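Colleague: I'd like to learn how to read a few features off a model like this one. Could we start with the charged pairs?

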Amino acid sequence: EKWEDYPGGYPMVYDPATGTTKVYPIPVPHHGIISITPDESRGIAYISTCADQRPESSHFMILDLATGKYRDLMDCHHMFAFISIDHKGRAYHPIAGGEIARYDPNTDKLERLKQTIDGKPPTPESLLALPETHPINWDISPDGKTLYALAMSGNQLYAYDLTAEGDTLPGHSLG
């Protein structure tokens, strides 16, 4: 199967109250959907696409659940990205090379954050900031104030303080 044969992924939303599923159009042709994170209070969902080709292409997008319209925030070029939403409703998406995109729907502002681990830039061994990227699993604490990261082939758990101010997301190794 050639890459061009795959039409792309369809985001779907299931409503348990009505038992119905709504299928939205493909956001980027020939891209799958690797991550979809709803923000039901705003009637949107954040989407990360997955091209499954080199160089990787992964669009960080907003889907308006009422209209089905997409807004492409940026191509982050990061494979198998996860999206997380913090305690202020801001959405995070990894960027190739180690930066982190943060979109604030309250200000409609997209930022590119640097990251540190224990006060220093991430090392290549951490697998968090590679130019060719590496799958990184993200999850958020129940209070939305800590982002946890684990590189797929790594053996370290990292925590980032999402309450920190400035253009750097401070992280530390948990072991």
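Colleague: How many salt bridges are there?

Modeller: A salt bridge here is a side-chain nitrogen of Lys or Arg within 4 Å of a carboxyl oxygen of Asp or Glu. By that rule the count comes to six. Keep in mind that this is a predicted model: local features need pLDDT of at least 70, side-chain atom pairs count only at pLDDT 80 or more, and totals for chains, interfaces and linings use all residues. Residues are numbered from 1 along each chain as its sequence is written, and side-chain values use heavy atoms, with hydrogens and water left out.

Colleague: Which residue does Arg71 form a salt bridge with?

Modeller: Asp108, and the closest N and O atoms are 2.5 Å apart. Arg71 sits in strand β6 (residues 70–75) and Asp108 in the loop between β9 (100–104) and β10, so this pair ties together parts that are 37 residues apart in sequence. Strands are DSSP runs of E, at least two residues, numbered from the N terminus.

Colleague: And what about Asp167?

Modeller: Asp167 pairs with Lys114, with 3.0 Å between the closest N and O atoms. Again distant parts of the chain are linked: Asp167 is in the loop between β13 (158–161) and β14 (168–173), Lys114 is in strand β10, and they are 53 residues apart.

Colleague: Now backbone angles. What is the phi of His30?

Modeller: About 70°, a positive value although His30 is not a glycine. His30 lies in the loop between β2 (20–23) and β3, and is partly exposed at 23%. Asp118 also has a positive phi, near 50°; that residue is in the loop between β10 (109–117) and β11 (136–140).

Colleague: Last one: which residues line the largest pocket?

Modeller: On a 1 Å grid over the protein atoms alone, a pocket is an open set of points where a 1.4 Å probe fits, with protein on both sides within 12 Å along at least five of seven lines; lining residues have an atom within 4 Å of a point. Here the lining is Val13, Tyr14, Tyr24, Ile36, Pro38, Glu40, Ala45 and Leu65. β1 (12–15) and β3 (32–39) each supply at least two of the lining residues.

Notes. Helix = DSSP H or I, 4+ residues; strand = E, 2+ residues; numbered from the N terminus. Buried < 20%, exposed > 50% of the residue type's maximum accessible area, 1.4 Å probe, protein only.
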